[in-house]
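Subject: Structure handover

Hello,

I am passing this structure on to you. Please open it alongside this email and follow along.

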Amino acid sequence: MIPTVRSDADWMRIAIAVAERGRSLSSPNPSVGCVLVRDGRVIGRGWTAAGGRPHGEAMALAQAGDAARGATAYVTLEPCAHESTRGPACSDLLIAAGLARVVIGCQDPDPRTNGAGIDRLRAAGIAVETGLLESEARASLAGFLARQTIGRPFVTLKLATSLDGQIALADGTSRWITGDAARAHAHVERTRHDAILVGGGTFRADAPRLDVRLPGIEHRSPRRVLLSRMGDAPPGWTGIAAPEDIATLDGTDWLMVEGGAEVAAAFLARDMVDRLLLYRAPVLIGRGMAALGDIGLSDLAHAHGRWRLADTRLLGKDRMESYQRVR
């Protein structure tokens, strides 16, 4: 059988997919994917390891060994150029390995690298191309990029509602609006975040565990954050007093907000939600507890054009919809 000839875009998509393996584990570094290709086949691949080292490029080069000489590297983020006590700069590693070409998804906004990695590679005679599938690469690095550019984590607001937008009965009963498949999907989503936040009302009413309860990935449970007026929290939790305080959460690039209606409205009113994750069950509740409180909307015209549907699928009888904030 004649092998399929892949394009640069195909290899970059593979690098982006590989990077997902390190998401929420690679803090304090972003999870960067790297694929090394020579003569149309993969000779090494890597992603940022747990704890931030080794970087994806270092892992891929270690797999490739001497075969890396003359190869092409597809990297989701510009290889770092700054010195670190934890390991050498990835741009230097690629130069030392004798790469012929490096294809980069997006430039690193970190001032310690920001263009310097690209310049160093080119100065060493390596052909460098940038911006391939940049929007997809940026999406895979959205948490890191948000932290670097706006000084806070990338925020996903998760809501599980009835068809008529209720999250519970009038008496607060909410278990369970969605079915097993939707709840399992939500637990997978938890593994993709560094921390998960609820408000004081949800904490007092539900005593949520906010852990991951899927076999084999229980260890991927995110850190727990409590938003309360005084900013206090019980042992095992981090307390903050206002939505803006998420900027102070160490090691948190990806934050999921799970409840309740007041907290969700507070983040939306401040335009601090970057992604909406909606699970909608085919049930009607009527008079119950609405998913959202006042978000400060005074003109219906201002509600349009703010959200773009990024993904939708059926999960059992429920529907999941993911929306990205248009900025």
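Below is what was found, taken region by region.

One point before the details. This is a predicted model.

Now look at one pair of strands. Strand E8 (residues 195–199) and strand E9 (residues 223–227) run parallel, joined by five bridges. Within this pair, glycine 199 stands opposite leucine 227 in E9.

**Lysine 158**

Strand E6 also holds lysine 158. Is this lysine 158 buried or exposed? Lysine 158 has a relative accessible area of 15%, so it counts as buried; the cut-off for buried is under 20%. Setting aside neighbours within four places in sequence, lysine 158 is in contact with Ala186, Met256, Val257, Glu258, Leu277 and Tyr279.

Helix H2 covers residues 56–64. Its buried residues are Gly56, Glu57, Met59, Ala60, Leu61 and Ala64. They pack against strand E1 (33–38), strand E2 (41–47), strand E3 (72–77) and helix H3 (90–96). Just after H2 comes glycine 65, with a positive phi of about 60°.

Helix H6 covers residues 142–150. Here Ala142, Gly143, Phe144, Leu145 and Ala146 are buried. What do the buried residues of H6 pack against? They meet E3, helix H5 (134–140), E6 and E11. Glycine 151 follows H6, and its phi is positive, near 75°.

**The cores**

In soluble globular proteins, nonpolar side chains tend to be buried together. In this model, the largest nonpolar core has 36 residues. Leu36, Ala73, Leu99 and Val102 have the most contacts inside it. Two or more residues each come from H1, E1, H2, E3, strand E4 (101–106), helix H4 (116–123) and H6. H1 gives the most to this core, with five residues.

Valine 102 deserves a look of its own. Leaving aside neighbours within four places in sequence, valine 102 is in contact with Ala73, Val75, Leu94, Leu121, Ile126, Ala127, Val128 and Glu129.

Another core, of 21 residues, lies apart from the largest one. Among its residues are Ile246, Met272, Leu276 and Leu278.

**Serine 31**

Last, a loop residue. Where does serine 31 lie? Serine 31 is in the loop between helix H1 (8–19) and E1. Serine 31 counts as buried because its relative accessibility is 9%. A polar atom of its side chain lies 2.5 Å from the backbone oxygen of alanine 19. Beyond neighbours within four places in sequence, serine 31 is in contact with Ala19, Gly22, Arg23, Ser26, Trp47, Thr48 and Leu141.

Best wishes

Notes: Residues numbered from 1 in each chain as written. Predicted model: local features only at pLDDT ≥ 70, side-chain atom pairs only at ≥ 80, totals over all residues. Heavy atoms only, no water. Buried < 20%, exposed > 50% of the residue type's maximum accessible area, 1.4 Å probe, protein only. Helix = DSSP H or I, 4+ residues; strand = E, 2+ residues; numbered from the N terminus. Contact = heavy atoms within 4.5 Å. Pairing = 2+ DSSP bridges. Polar contact = N/O pair within 3.5 Å; in protein donor to acceptor, adjacent residues only side chain to side chain. Core = buried A, V, L, I, M, F, W, Y, C linked by side-chain atoms within 4.5 Å.
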